[in-house]
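Here is a short briefing for a reader new to this model. Look over the sequence and structure, then read on.

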Amino acid sequence: MAYSEKLIDHFEHPRNVGALDKNDPSVGTGLVGAPACGDVMKLQIHVGPDGVIKDAKFKTFGCGSAIASSSLVTEWVKGKSLDEAASIRNTQIAQHLALPPVKIHCSVLAEDAIKAAVADYRSKQNQEKSAAE
Amino acid sequence: MTTANGGTIRRNEPDRPVYLDYQATTPLDQRVLDAMMPYFIEKFGNPHSRSHAYGWEAEKAVEAAREQVAELINADPREIIFTSGATESNNLAIAGAARFYKDRKNHIVTLVTEHKCVLDSCRHLEQEGVHVTYLPVQKNGLVDLDALKQAITDKTVLVSIMAVNNEIGVIQPLKEIGAMCRARGVLFHSDCAQAYGKIPLDVDAMKIDLMSISGHKIYGPKGIGALYVRRKPRVRLVALIHGGGQERGMRSGTLPTPLCVGLGEAAAIAKREMASEAERLKMLRDRFHKRIIERLSEVYLNGDLEARIPGNLNLSFAYVEGEGLMMGIKDLSVSSGSACTSASLEPSYVLRALGVEEELAHTSLRIGFGRFTTEAEVDYAADRIIAAVQKLRDMSPLWEMAQQGINIKSIQWAAH
């Protein structure tokens with residue numbers, strides 16, 4: 001399959017591979033996909049006190065498009081507020097990487113991973129608040 | 001490199017990917033091309049022209065090739081029908097036999113791991129009222145002979161079981177299957193596309209009635225194959241292609257003389273070199289496999305190791321998806337059982353039939369070694385795969401969980 005230069009660059013030089021402490025209350029973790037389907041993404045965001053995403057890390061089991069999509073979104077979410085990050089659409093990812101039609105689901109998974117990470121961070125914050133009250 | 005008979009063997013060029021996909025196709029052997037060349041321009045006659053020298057010399061060449069093809073399997077040249085390839089041979093054998101005998105018998109037995117062209121031929125026959133039993137295989141990819149025995153009925157016209165599987169390279173017990181079929185009066189067809197020229201085959205010892213043969217899997221040209229059709233006791237087929245009645249009426253159309261000559265020469269070379277080639281390929285394969293498993297954990301072999309052609313390995317690299325892995329080894333040409341490499345987005349049906357779990361089926365690579373594979377290429381390929389697997393495991397969330405002792409099956413995954 002012929003892939004775009006951007007996609008190959010993200011695959012060969014993935015940005016922000018790694019892990020953050022999932023027990024840290026300022027970290028949100030999203031784990032989406034399924035091994036049986038051939039792709040699993042783990043996206044983590046570290047959110048500052050000002051509500052801005054300071055750092056993002058990912059690990060992905062999947063094809064080149066899945067790895068490139070998750071690498072790309074770690075770059076995109078940094079410096080964004082939670083709402084801004086959660087508004088990233090799969091179509092933007094697919095367009096940026098010029099994903100072939102059969103690989104669109106990889107961009108959908110990346111969008112889901114961001115949403116899951118944001119939701120995880122928010123639920124942790126709510127728990128912290130209720131624990132403090 | 002020059003061979004004993006003066007032919008030259010081409011080396012892989014350094015700037016091209018290392019070719020390790022010999023079950024998909026093989027390059028033409030230079031000696032085969034040399035044999036074919038005169039039949040394109042000088043000796044261009046129609047082998048079916050009976051009235052002049054051009055026809056006679058082409059016919060002579062085709063008949064010599066037929067003899068070479070037959071010799072490799074201990075057959076009579078009159079039992080060889082030239083076709084366009086193994087797909088046509090499989091179609092002709094299965095549909096041809098089923099249609100000829102349909103008034104008496106209407107049942108076919110085959111395996112779920114057969115090539116798509118066998119399975120699809122059977123599917124089409126089901127629409128014509130033929131019953132088909134698709135037998136499962138054992139975990140090692142081999143047929144369960146007891147299950148086969150149970151599946152054969154008085155209505156069974158044909159058992160179609162491949163000699164060597166194209167994905168996992170396992171060799172089915174042809175002799176036992178042949179004996180069982182003969183005892184029950186059932187025709188035995190074997191798709192030998194991956195076996196012919198690779199392992200010894202004998203149509204009498206194995207009691208094979210119909211055998212499909214491919215040219216381009218044995219360093220011959222693409223677009224040519226053959227079907228062995230037993231004469232004693234005679235096997236009858238309804239033709240798929242109608243016309244001038246060539247090939248004893250079973251396959252009309254002018255024979256492509258250069259391609260026939262190429263298939264014949266490829267068969268003759270295989271007959272001379274098969275034993276030494278098999279030994280060399282086994283050495284290369286074992287060297288590669290050893291290097292991989294010494295440096296990587298959780299690598300699983302799919303299919304039986306012993307009952308296997310020497311030029312094939314099929315390995316699952318747990319926690320690394322196959323298509324991603326192939327992108328990481330762009331300078332190697334291999335294939336994968338991963339869903340992402342198939343149009344259907346389903347992982348390999350062959351691996352699934354062995355009971356390989358979906359998550360492992362997604363992580364498989366098929367590595368094929370052949371006549372032009374060198375030791376240096378094998379070492380290079382193994383090292384590239386090891387490096388790519390290590391890199392991708394470092395970025396795999398599943399590998400991370402496994403290292404932390406988390407059972408991946410304990411997680412509720414959302415299927416998508």
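Is the crossing in which α2(B) passes α7(B) left-handed or right-handed? The crossing is left-handed; that term applies if the near helix is turned anticlockwise from the far one by less than a right angle, and clockwise makes it right-handed. The model is predicted: local features need pLDDT of at least 70, side-chain atom pairs count only at pLDDT 80 or more, and totals for chains, interfaces and linings use all residues. Residues are numbered from 1 along each chain as its sequence is written, while chains are lettered from A and ligands numbered from 1 in the order in which they are written.

**Helix pair in chain B**

- Helix α2 (residues 53–71) and helix α7 (residues 257–295) of chain B have axes that come within 8 Å and cross at roughly 35°.
- Axes are lines fitted to C-alpha atoms, for helices over the stretch in contact, and angles run from 0 to 180 degrees between N-to-C directions.
- Helices (H or I, at least four residues) and strands (E, at least two) are DSSP runs, numbered from the N terminus.
- On the α2(B) side, the contact includes B:Ala58, B:Ala61 and B:Val62. From α7(B), B:Cys260, B:Val261 and B:Gly264 are among the residues that take part.
- Two residues are in contact if their C-beta atoms, placed from the backbone, lie within 7 Å.
- The residues of this contact divide into 11 nonpolar, 3 polar and 3 charged.
- Ala, Val, Leu, Ile, Met, Phe, Trp, Tyr, Cys and Pro count as nonpolar, Asp, Glu, Lys and Arg as charged, and the others, Gly among them, as polar.

**Domains of chain B**

- Chain B has domain 1 (18–24 + 274–399) and domain 2 (30–269), with bounds from an automatic or database domain assignment.
- The centres of the two domains, taken over C-alpha atoms, are 29 Å apart.
- In domain 1 of chain B, 19 residues are in contact with 21 residues of domain 2.
- On the domain 1 side, β10 (312–317) and α9 (349–353) of chain B each give two or more residues.
- That side holds 6 nonpolar, 9 polar and 4 charged residues.

- Strands β3 (residues 107–111) and β4 (residues 131–135) of chain B pair in the parallel sense over 5 bridges. Pairing needs at least two bridges found by DSSP.
- B:His107 stands opposite B:His131 in β4(B).
- From β3(B), the chain passes through helix α4 (residues 116–127) to β4(B) in a right-handed β-α-β crossover. Right-handed here means that, with the strands pointing away from the viewer, the path from the first strand over the helix to the second runs clockwise.
- The peptide bond from B:Lys232 to B:Pro233 is cis, with omega near -10°. B:Pro233 lies in the loop between β8 (225–229) and α7 of chain B.

**Sheet of chain A**

- An open antiparallel sheet of 3 strands has the order β1-β2-β3 in chain A.
- Its edge strands are β1 (27–34) and β3 (53–61) of chain A.
- β1(A) pairs with β2 (residues 39–47) of chain A over 8 bridges, and A:Gly28 has A:Ile45 as its bridge partner.
- Helix α5 (residues 104–132) of chain A lies across β1 and β2, at about 145° to β1(A).

**Where the chains meet**

- 25 residues of chain A are in contact with 22 residues of chain B.
- β1(A) gives the largest share of the chain A side, 4 residues.
- The chain A side divides into 16 nonpolar, 6 polar and 3 charged residues.
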